[in-house]
Amino acid sequence: MRQLLLRALFLVSLLLVPRLEARAEDGADVVVRVEVHGRVVSVQAELVIPASQEKVWDVLTDFDNLPRFLTNIATSKVLSRQGNTVRVAQTGTTSFGPLTIEFQSEREITLMPIDGFESRMLSGNMKQYRGSTRLEASGNGTRVVYQAEAVPDTILPPGLGISLIQAETREHYQEIRNEVLRRKEPR
């Protein structure tokens, strides 16, 4: 049975690779690097959004409204706020062709207005997660630099896992950029 599942994942990966490459070209302005060392997945993403740090900050920290503009987030709720520390619970799904992966997390986020924030998982369906997001002025915009290390609770399919994480991360930051630009437009 396990052998059959591995073969099915391999076949799905062959079908998805051309689609993922096309998406990468669409979002070439979002640079994403993913490395896997044993069970630890390291993700780095960087992009420049043509908006002020304040506008980018407002979107990134609009936790209760994330499902309105991030397609993989089903629910996002602030559980508590204490000074610059926020506890957020989120659920969502990630789909790759016929495969759908559900996720849930409760994270503690330490805000450093308007320069960035750090996040760590308190509970959820990952064994471990720590991430940071930094905002830096860059010409007429804001550079967003994201770094995270996670230990998933499932094994990543060889070859496919990295491509899927890159595509999801790229799409995530494209959607954030789109929301910042939408809010930036005069009404």
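Student: Which residue of strand 7 stands opposite Glu-118?

Tutor: Ser-132 in strand 7 stands opposite Glu-118. This is a predicted model, in which local features need pLDDT of at least 70 and side-chain atom pairs count only at pLDDT 80 or more, while totals for chains, interfaces and linings use all residues. Residues are numbered from 1 along each chain as its sequence is written, and side-chain values use heavy atoms, with hydrogens and water left out.

Student: How many bridges join strand 7 to strand 8?

Tutor: There are 12, and strand 7 and strand 8 (residues 141-152) run antiparallel. Arg-130 stands opposite Glu-149 in strand 8. The hairpin formed by strand 7 and strand 8 has 2 residues between them, and Gly-139 in the turn has a positive phi of about 60°.

Student: Why does Thr-142 count as buried?

Tutor: Buried means under 20% relative accessible area, exposed over 50%, and partly exposed in between (1.4 Å probe, protein chains only). Thr-142, in strand 8, has 1% relative accessibility and therefore counts as buried.

Student: What does the side chain of Thr-142 reach at 2.7 Å?

Tutor: The side chain of Thr-142 reaches the backbone oxygen of Ala-51. A polar contact is a pair of N or O atoms within 3.5 Å; within protein, one must be able to donate a hydrogen and the other to accept it, and residues adjacent in sequence count only if both atoms are side-chain atoms. At 2.7 Å, the Thr-142 pair falls within that limit.

Student: Why are the buried residues of helix 2 said to line one face?

Tutor: The buried residues of helix 2 (residues 53-60) are Gln-53, Val-56, Trp-57, Val-59 and Leu-60. Seen down the axis of helix 2, they fall within an arc of 165°, so they line one face. The arc is taken from the directions from the helix axis to the C-beta atoms. These residues pack against elements including strand 2, strand 8 and helix 3 (160-184).

Student: How many aromatic pairs does the structure hold?

Tutor: It holds 2. Trp-57 and Phe-117 lie 6.3 Å centre to centre with 65° between the planes. Rings of Phe, Tyr and Trp (its six-membered ring) pair if their centres lie within 6.5 Å; planes under 30 degrees apart count as stacked, over 60 as edge-to-face and the rest as tilted. The Trp-57 and Phe-117 pair is therefore edge-to-face. Trp-57 lies in helix 2 and Phe-117 in strand 6, so the pair ties together parts 60 residues apart in sequence.

Student: Why is the pair of Tyr-146 and Tyr-173 called tilted?

Tutor: The ring centres of Tyr-146 and Tyr-173 are 5.6 Å apart and the planes are at 45°, so the pair is tilted. Tyr-146 lies in strand 8 and Tyr-173 in helix 3, so parts 27 residues apart in sequence are tied together. Tyr-146 is buried at 14% relative accessible area, and Tyr-173 is buried at 5%.

Methods:
Two strands pair if DSSP finds at least two bridges between them. Helices (H or I, at least four residues) and strands (E, at least two) are DSSP runs, numbered from the N terminus. Contact means heavy atoms within 4.5 Å.
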